[in-house]
Amino acid sequence: MKDLDVIKIREYIPLTPPSLMIDFVEEVEIGKYARGYKNFTYTESFFISHFPDDPNVPSGAIIDCMSQMLLMTFLTIDKNKGLMTACLKIDNAEFRQKIMPGDKLNVEARLDSYKRGVAKGSVKGYLHSIAGGGGLACQANFVIVIPKILQQVAPKGKES
């Protein structure tokens, strides 16, 4: 699967801007990896407050961007298309470079395992800076679930 714009991405991830934090998915190998990017423009709402004299992308927005690229690795499985998700765990998150207005974050997500609505994967973000910087900017490991599937496979509790 290649070249998914925001309209196509929204078929798989049921979010709208400003919550949708990826602009384009260049390639997805369903159930394996996804690669795409986010362009950070000065019109992003968080630049006004984070920080007025030194605007940069908050770590929470970076986490959203990385996790959403990971979503594309398993929400593109036919039965998962458009389902709601919940993040259970974030490990080893690192933010190595400041991301500024005008920068582009190239994001690569790898799905390490997916079973019964539980996805585990790793994501790396590479900076393409208008100021000339580049290289690894961020990385993290995620555990993300699809609650609807978990409810179907969870053992039934004893009634009291």
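## Glu 27 in strand S2

In this predicted model, Glu 27 lies in strand S2, which spans residues 24-29. Glu 27 has a relative accessibility of 18% and therefore counts as buried, the cut-off being under 20%.

The side chain of Glu 27 has two polar partners listed here: the side chain of Tyr 33 at 2.9 Å and the side chain of Arg 35 at 2.6 Å.

## Gly 36 in strand S3

Gly 36 belongs to strand S3, residues 33-39. Its relative accessibility is 1%, so Gly 36 is classed as buried.

Asp 3 is 33 residues away from Gly 36 in sequence, with a C-alpha to C-alpha separation of 8.7 Å.

## The largest nonpolar core

The largest nonpolar core contains 41 residues, and Ile 22, Met 72 and Phe 74 have the most contacts inside it. Two or more core residues come from each of helix H1 (6-12), S2, helix H2 (59-74), strand S5 (104-115), strand S6 (118-128) and strand S7 (134-145). The largest contribution is that of H2, at 10 residues.

With residues up to four places away in sequence excluded, Met 72 is in contact with Leu 4, Ile 9, Tyr 12, Ile 13, Ile 22, Val 25, Val 28 and Ala 34.

Technical notes
Residues numbered from 1 in each chain as written. Predicted model: local features only at pLDDT ≥ 70, side-chain atom pairs only at ≥ 80, totals over all residues. Heavy atoms only, no water. Helix = DSSP H or I, 4+ residues; strand = E, 2+ residues; numbered from the N terminus. Buried < 20%, exposed > 50% of the residue type's maximum accessible area, 1.4 Å probe, protein only. Polar contact = N/O pair within 3.5 Å; in protein donor to acceptor, adjacent residues only side chain to side chain. Core = buried A, V, L, I, M, F, W, Y, C linked by side-chain atoms within 4.5 Å. Contact = heavy atoms within 4.5 Å.
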